[in-house]
Amino acid sequence: MSDRLLEEVGIGEYVRMLPKAEVHVHLEGCIPAALAGRVAREHGAASPVPIVEGRPEITSLKGLLDYLDWSCALIDRREHLEEIAYESAKRMHDSGILYADVIFNPSHWPHWRGRVGEMTRGLALGAAAAERDGYTPIGLCLSLKRQQSRAEANEIVDWLLEARPERVVALSIDGNEAAGSHNERFAEAFARAAAGGLRRCAHAGESSGADGVREAIEMLGAERIDHGVRSIEDPSVVAELVERGVPLDICPTSNVVLGVVPSLSAHPVERLRRAGVRVSLNTDDPVLYGIDLAGEYEEVAATFRLGADALSEMARVSIEASFATEELKAAISRRLDDFLAR
Ligand SMILES: [Zn+2]
């Protein structure tokens, strides 16, 4: 049924129409290039990487981190945060995303240190305005950094549980694991977040190997793994993901650009899916890579010759794995069912 629709409208239109969620996208990688350019001109600040056709040219992890730090450091007004949230929701809507979990890490935003409440307020205002205009609803995942101390992590969770900031649905953790994942340091913070009703996701299996994925599940109680692609290095971790049904939030272009995999055709996403792991497709840092989610579905479909069944299965996982309310998840699932019945 749905394969016929795919043939009729073409893959580009099909993946844009496909009802889905996005569950692995960073606010730091969503700052509209036009906003960064405008504020940079006000401050007379020059971008650390070339700007080509209005967007940063990112070719390495160093370039990505330099641009990310530079652009986040420009954002010093609440209106900027509102604009980032609003424009992100609008862009996601264009890809047929009906809900998104957006990860933000306060440690990247120097003007908002010690003012995380004000920061989330700005984001919540922008997200609410976008939702009123019919764009993608957004939930926020506040992310710890791997380099933070046990005391810092616990303090952030204390604040989250006390302040209950608007739209913050989850605790997350990201950052380079090359110098160690240090999961034992964060176990208590994650356990307390869980007890307080917050959802949990964790970056693992990108700069860490398969063992990092297992630790994130077992020590942090992560309900979802951001990336997790290196699980493929250990069949026992793949088996654990299948058995527990823990989804991987996979970002194909990001993995290729940052050299986690040599090429898209060498990417383990399809091997993991065929092994029975629940996988979804995501953008990670869409503005930095100049990509959108519909484009990621299209690239993966073309590379692995996927039809409507495989694409809708990944869309289904994205919806089920999301931290949207049960009501919203049910509504989006129905939209997917209706779409597949066309
Ligand atoms: Zn990420």
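Visitor: A residue is buried if at least 20 other C-beta atoms, placed from the backbone, lie within 10 Å of its own C-beta; 12 or fewer make it exposed, and anything in between makes it partly exposed. Is Glu 53 buried or exposed?

Guide: This model is predicted: local features need pLDDT of at least 70 and side-chain atom pairs pLDDT 80 or more, while totals for chains, interfaces and linings use all residues. Numbering starts from 1 along each chain as its sequence is written. Glu 53 has 7 other C-beta atoms within 10 Å, so it is exposed.

Visitor: Glu 53 has a positive phi although it is not a glycine. Where does Glu 53 lie?

Guide: The phi of Glu 53 is about 50°. Helices (H or I, at least four residues) and strands (E, at least two) are DSSP runs, numbered from the N terminus. In those terms, Glu 53 sits in the loop between strand S2 (51–52) and S3.

Visitor: Arg 164 also has a positive phi. Is Arg 164 buried or exposed?

Guide: Phi of Arg 164 is near 45°. The residue belongs to the loop between H7 and S6. With 11 other C-beta atoms within 10 Å, Arg 164 is exposed.

Visitor: What is the strand order in the open sheet?

Guide: Strands pair if DSSP finds at least two bridges between them. The open sheet has 8 strands, with parallel pairing. Its order is S1-S4-S5-S6-S7-S8-S9-S10.

Visitor: Which are the edge strands?

Guide: Each edge strand pairs on one side only. The edges are strand S1 (20–26) and strand S10 (279–281).

Visitor: What does the twist average from one strand to the next?

Guide: Axes are lines fitted to C-alpha atoms (for helices, over the stretch in contact), and angles between N-to-C directions run from 0 to 180 degrees. From one strand to the next, the twist averages 25°.

Visitor: Helix H14 (residues 293–304) packs on the sheet. What angle does H14 make with S10?

Guide: Contact here means C-beta atoms, placed from the backbone, within 7 Å. H14 touches S1, strand S4 (97–104) and S10. Its direction and that of S10 make about 120°.

Visitor: Why is S4 largely enclosed?

Guide: S4 has parallel neighbours: 5 bridges join it to S1, and 5 bridges join it to strand S5 (residues 138–145). Lys 20 pairs with Ile 97 in S4, and Val 102 pairs with Leu 140 in S5. S4 is largely enclosed by the rest of the structure because its buried residues number 8 of the 8.

Visitor: How many residues of S5 are buried?

Guide: S5 runs parallel to S6, joined by 6 bridges. One of the pairs is Lys 145 with Asp 174 in S6. S5 is largely enclosed as well, because the buried count is 7 of the 8.

Visitor: In the largest nonpolar core, which residues touch the most other members?

Guide: A nonpolar core joins buried Ala, Val, Leu, Ile, Met, Phe, Trp, Tyr and Cys residues through C-beta atoms within 7 Å. The largest has 100 residues. Beyond four places in sequence, Val 102 touches Val 25, Leu 27, Ser 88, Ile 138, Leu 140 and Cys 141. The members with the most such neighbours are Ala 21, Ala 85, Val 102 and Tyr 297.

Visitor: Is Trp 109 buried or exposed?

Guide: Trp 109 lies in the loop between S4 and helix H6 (116–132). Leaving out residues up to four places away in sequence, Trp 109 touches Cys 72, Ile 75 and Met 119. Ile 75 is 34 residues away in sequence and 7.5 Å away in space, C-alpha to C-alpha. With 20 other C-beta atoms within 10 Å, Trp 109 is buried.

Visitor: What arc do the buried residues of H4 cover?

Guide: Those residues are Leu 64, Tyr 67, Leu 68, Ser 71, Cys 72 and Leu 74. They all lie on the same side of H4, because their arc, taken from the directions between helix axis and C-beta atoms, is only 145°.

Visitor: What do the buried residues of H4 pack against?

Guide: Helix H4 covers residues 61–74. Its buried residues pack against helix H3 (33–43), strand S3 (55–56) and helix H13 (286–289).

Visitor: Which residue with a positive phi follows H8?

Guide: In H8 (residues 183–195), Asn 183, Phe 186, Ala 189, Phe 190 and Ala 193 are buried. Their cover includes S5, helix H7 (150–163), S6, S7 and helix H9 (210–218). After H8 comes a residue with phi near 90°, Gly 197.

How values were computed
Contact = placed C-beta atoms within 7 Å. Expected span 1.5 Å × (residues − 1).
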